[in-house]
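Dear colleague,

Please find the structure for your study below. My findings follow it, beginning with the place where the chains meet.

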Amino acid sequence: MSPAPTPSHTVGPFFGYALPFTGGADVAPPHHPDTLTLRGRVLDGDGQPVPDAIVETWQPAPDGSRTGAPGSMRRDAVTGRVVGRHGADFTGFGRVATDADGHWLVRTLPPGGVPYVCVAVFARGLLHHLYTRAYLVDDPDDALLAALPPRRRATLLARPEPGTPRVHRFDVRLQGAGETVFLEFP
Amino acid sequence: MTALPPDLTQSAIDTEIAKAQAAAHAGDHPPRDFPPYRGSALRHPTHPLIPVRDPEAVELTGPAFGVTDVTDLDRDLTRHHAGEPLGERITVTGRVLDRRGRPVRGQLVEIWQANASGRYAHQRDQHPAPLDPNFTGFGRCLTDDEGRYSFTTIRPGAYPWRNHTNAWRPAHIHFSLFGEAFTQRLVTQMYFPGDPLLPLDPILQSVTDPAARDRLVAAYDHGLSVPEWSLGYRWDIVLDGPAATWAENEEDDR
């Protein structure tokens, strides 16, 4: 008999001293030439910034492997502090809290084999986290994109920012006009 | 701070909770739109979620954590400062399982909580209760081969919040968990048995199925209490996830 799942709850407003970690936004090794920046805002149904959300990203390594090395929260042996990734292995995991203006940002490498970065959003007021995808390429062969009407499909496209190479913009609208497409995995 | 509407009493919220629960489909997880929890009003999507059934979806895999990500001290929240925190010392332990009842091994568990007086070590927490210089209230551990996790901490206090007039959150510990797949990600809260605030709390009551709510309440386990040291609570956790993740790796069953 399969056991019943533990219900989800909101992350609440006070995760800030617990979940964010040093280097959480730095999925790419420092100064890697292929680094791309994925940035955006989390916005509520009134279009107002959500300053108490936390965004997680997960993706394959550039070579397409999906095993994700450990060490995202690598620790200093003496002090126990999080010192961040050493950069030689690709962990594929990013976590960053939104700032007072609802902004978040991760620096990462292009995912291998797929056109998207997986995104999970947690926030005060959000009783169950939400999954979406930031598509770096508008891939005509992608089954999910192909199944969406154009206006909804557009919410999944992380658009290159004009004039700033290798920076992609991905806003998450929790509700209302331009509401982001959120996903479930039945 | 803005004043709350004077008529937004606990009994008005209780009425709203009963109405929202009656209107909701019984489910394991709370509806994202739960009006008695005011914070949900502008933060839930109104479009249905789009199902992804692609067996190659990246979300069916997930990040890995290991011994480099945790230290042995992380699991004992009473030892993160020079002195001992105030409050009732407790241990909280249990197993993390997937939907097939298999142990979730070697995965990261994170907890955070208020101190014994109901105050978070967060600048935005304005509850006029004392901070404890010897307590931050954050811990991590990895599950073992049986899926077990364990923390030593102090029992958190209840605290007021501004959902309605005289709103109090029951004492709780926040949990964040990873499974083998990103789709198994879980953030939730553990409550304590017998707390009189449980029926009054719009966040706990957002889980509309009573049996599912009960699964968020730990059990006092005298066998886990350590003589002249700490009281023990047991709380097992089951990660949800798509059928695809619980049908794979049959050969791993033990």
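How many residues does the contact take from chain A and from chain B? Chain A contributes 72 residues to the contact, and chain B contributes 80 residues. Please bear in mind throughout that this is a predicted model.

**The interface**

Between them, chain A and chain B bury about 6,600 Å², and 61% of this area lies on carbon and sulfur atoms.

On the side of chain A that touches chain B, the residues divide into 40 nonpolar, 19 polar and 13 charged. Several strands of chain A take part in this side, each with at least two residues: β2 (53-58), β3 (93-97), β5 (116-123), β6 (130-135) and β10 (183-184). Of these, β5(A) gives the most, with 6 residues.

One strand of chain A also pairs with a strand of the other chain. β10(A) and strand β1 (residues 50-51) of chain B run in the parallel sense and are joined over 2 bridges. Within this pairing, Leu183(A) has Ile50(B) in β1(B) as its bridge partner.

**Salt bridges**

Side chains of opposite charge can pair when their charged atoms come close. Over all chains, the count comes to 23 salt bridges, and 6 salt bridges are found across the interface of chain A and chain B.

- Glu59(B) forms a salt bridge with Arg133(A), and their closest N and O atoms are 2.8 Å apart.
- Arg124(B) forms a salt bridge with Asp52(A), and here the closest N and O atoms are 4.0 Å apart. This pair crosses between chains: Arg124(B) lies in the loop between β3 (108-113) and β4 (138-142) of chain B, while Asp52(A) lies in the loop between β1 (36-43) and β2 of chain A.

**The individual chains**

Chain A has 2 helices and 10 strands. Read from the N terminus on, its elements follow the order β-β-β-β-β-β-α-α-β-β-β-β. The radius of gyration of chain A is 17 Å, close to the 16 Å that the globule rule gives for 186 residues, so chain A is as compact as a globular protein of that length. Its C-alpha trace spans about 55 × 45 × 35 Å along the principal axes.

Chain B has 4 helices and 12 strands. Its radius of gyration is 19 Å, close to the 18 Å given by the globule rule for 254 residues, and therefore chain B is as compact as a globular protein of that length. Along its principal axes, the C-alpha trace of chain B spans about 60 × 50 × 35 Å.

Yours sincerely

How values were computed. Residues numbered from 1 in each chain as written. Chains lettered and ligands numbered in written order. Predicted model: local features only at pLDDT ≥ 70, side-chain atom pairs only at ≥ 80, totals over all residues. Heavy atoms only, no water. Contact = heavy atoms within 4.5 Å. Buried area = accessible area lost by both parts, 1.4 Å probe. Salt bridge = Lys/Arg side-chain N within 4 Å of Asp/Glu carboxyl O. Nonpolar A, V, L, I, M, F, W, Y, C, P; charged D, E, K, R; others polar. Pairing = 2+ DSSP bridges. Rg over C-alpha atoms; globule rule 2.2 N^0.38 Å.
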